Amino acid sequence: MVDTDRLRAAVKESGLKYGYIAKRLALSYQGLQNKIENKTEFLFSEAVAFAILLNIASLNEREMIFFKQKVEK
């Protein structure tokens, strides 16, 4: 499960546009949005490529963004 808020903050901080990111990940814009909103899951390779695009070097940060554990409320 993706931490949507943290991921959106990282994208904003990077200055990259979602359309550019989608193209680099070989996804449609809507496909990328579906993954960010947890409607569909990122492939591991997509998560790694996305982290590289955003210059997220820390493995801990990558895990917190792309592999957030679902917590029942």
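## Burial and surface

Of the 73 residues in the protein chain, 36% count as buried (under 20% relative accessible area with a 1.4 Å probe, protein chains only; exposed is over 50%, and partly exposed lies in between). This is a predicted model, where local features need pLDDT of at least 70, side-chain atom pairs count only at pLDDT 80 or more, and totals for chains, interfaces and linings use all residues. Residues are numbered from 1 along each chain as its sequence is written, and side-chain values use heavy atoms, with hydrogens and water left out.

## Overall build

Let's look at the fold. The protein chain has five helices and zero strands, with helices being DSSP runs of H or I of at least four residues and strands runs of E of at least two, numbered from the N terminus. The C-alpha atoms fill a box of roughly 35 × 25 × 20 Å along the principal axes.

Among contacts (heavy atoms within 4.5 Å) between residues at least 6 apart in sequence, 56% join residues at least 24 apart.

## A closer look at Ile56

Ile56 sits in the loop between α4 (44-53) and α5 (59-66). Ile56 counts as buried because its relative accessibility is 10%.

Leaving aside residues up to four places away in sequence, Ile56 touches Ala10, Ala51, Glu61, Arg62 and Ile65. Ser14 is 42 residues from Ile56 in sequence, yet their C-alpha atoms are 9.8 Å apart in space.
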